Amino acid sequence: MAFVIVTAIIVIGTVLWNFVSPWWFSPLASNWGFLDTTILISLVITGIAFVLISAFILYCVVKFPYREGNKSEYEPENPALELKLTIITTIGVIALLAPGLYAWKLYVELPVDALEVEGVGQQWVWSYRFPGEDGVYGGTNGRLFSSKNTFGLNPDDPYGQDDILIRGGEVHLPINNKVVFQLRSKDVLHDFYVPQFRAKMDLVPGQQSNLWFEPTVLGTYEVACAEYCGTGHYAMRGVVVVDTEEDFKTWLAEQPTFAETMNEGANGEQIVQTLGCVACHSVDGSDGIGPTWRDTYGTNRALTSGETVVVDDEYIKTSIVNPMSQIAEGYAPVMPAYATLSDEELTAISDYIKTLSE
Ligand SMILES: [Cu+2]
C-alpha cells in the first residue's frame, strides 16, 4: 500500500509541477510562437501517456496482489488488444512527430525578402557582417584570417569593400523585419541562441548554416553560445538589440566598412575585443579564466615556475606570443598563442592594458 501512495503522490506532484513551476518559457520576442506550441503538444501527449501508464500500474498493484494459490494466466496472443495498442501508439507517435516536422519545414525555408546578416563564431566571441550598400557579401577564405582581417575577407574583391563589420559582439536588428543569419565558425562548433527568439542553430567549421526569425519586441537580448566550445564557453556571450527601423539605420551607418577597418591603425582595445581576449581577461577587476587586466600593469606576478616577474610591456608581449612560457600562479595553461600579431599590434595591446592601471 505504501508503494501505491508514494507512487501516486509522485505522479500527481509531477503533473502539478508543470502548472506551478517558475521555470517556464522566457517571454516570446519573435515569430516562432509555433515552436512553443509544438513543445506544449509534446508535453501534453507525453503527460497523458505518463499518467495513464502510471495509473494502470497502480491499478494492477491494487487489483492483483499476491495471494497463496493465485496463478497468472498464460496468454501469448491477443490480436484484438494488440490491434488497439498499435492504433493508439501510432496516433500518439504521429501527433508527436507531425507538428515538429511542420515547424522544421517553416524553419529551414528561408524567406527571400529578409535582411541578411552573417554571424561568425570563434572561441569565445561573436561578430557580424552586413553585406553593405551593394547587398552582396565579399568573398572570404580561411587562409586570409589575421588579427586585422578577422573575417578573412578577400581584400581584392570589389563586393567586400563596403561590407559592414560588427566586431564588438553587439548587433542591432530592426523590429518586425525578417532576418536571415548566415552562420560560420572560425574554429570549433558553436551554437547561436537567443532564448526569447526561440530560434537556434549550430555553427559548423567549414560550412555555412542558416537561421531566420523576425524580432517582434523591442529590447536587448543576450546571445548565449549553446554548444560547449571549450574552457571559455560560459563567457561566449553577445547582445542583440532590437531597434526601430530608424534607430537601426542610424546605428548601421555608424559601423565601419571592411575598407575602413583595413586602413585604420592598430587600436589595442579593438584588437582585444576582436580576438576575444576579453572573454577570459576582464577589464573590471573580476577574476576569469585568466588574470584581470585592471590595475595590474607594473605589479608583481607570481608564476607557476616559482619566479616572480613584473607585469610590463615585455611580459605582456611574451604572454601573448608564447603564453606557455610564463603561466601565472593559480591559472590553468589554456591560453592559445597569438603568434601572428605584429609588433605594432602587440604594442597597441600593451598600451591599452597600461591605460587600465591609471
Ligand atoms: Cu561557442
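Predicted model: local features only at pLDDT ≥ 70, side-chain atom pairs only at ≥ 80, totals over all residues.
## Five-stranded sheet

Another open sheet is built from five strands in the order β3-β2-β1-β5-β8, and its pairing is mixed. Its edge strands are β3 (164-166) and β8 (209-213), each of which pairs on one side only. The twist in this sheet averages 25 degrees from one strand to the next.

Inside that order, strand β1 (residues 115-122) pairs with strand β5 (residues 179-185) in the parallel sense, over seven bridges. E116 is placed opposite V180 of β5.

## Helix α1

Helix α1 covers residues 2-20, which is 19 residues. At 1.5 Å a residue the helix should span 27 Å, and its end C-alpha atoms are 26 Å apart, so the two values agree. α1 is hardly covered: none of its 19 residues counts as buried.

## Helix pairs

Two packed helices are described by the angle between their axes and by the distance between the axes. Two pairs are described here in that way.

Helix α2 (residues 33-63) and helix α3 (residues 79-108) have axes that come within 10 Å and cross at roughly 170 degrees. An angle over 145 degrees counts as roughly antiparallel, and therefore α2 is roughly antiparallel to α3. On the α2 side the contact is made by F34, L35, T38, I41, S42, I45 and A49. On the α3 side it is made by G92, A95, L96, P99, G100, A103 and L106.

Helix α7 (residues 313-321) packs with helix α8 (residues 343-355) at an angle of about 125 degrees, and their axes are 10 Å apart. This angle makes α7 oblique to α8. The crossing of α7 past α8 is right-handed. In α7 the residues that meet α8 are D313, I316, K317 and I320, and their counterparts in α8 are L346, I349, S350 and I353.

Key
Residues numbered from 1 in each chain as written. Helix = DSSP H or I, 4+ residues; strand = E, 2+ residues; numbered from the N terminus. Expected span 1.5 Å × (residues − 1). Buried ≥ 20, exposed ≤ 12 C-beta atoms within 10 Å, placed from the backbone. Axes fitted to C-alpha atoms, helices over the stretch in contact; angles between N-to-C directions. Parallel < 35°, antiparallel > 145°, perpendicular 65-115°, else oblique. Left-handed = near helix turned anticlockwise from the far one by under 90°. Contact = placed C-beta atoms within 7 Å. Pairing = 2+ DSSP bridges.
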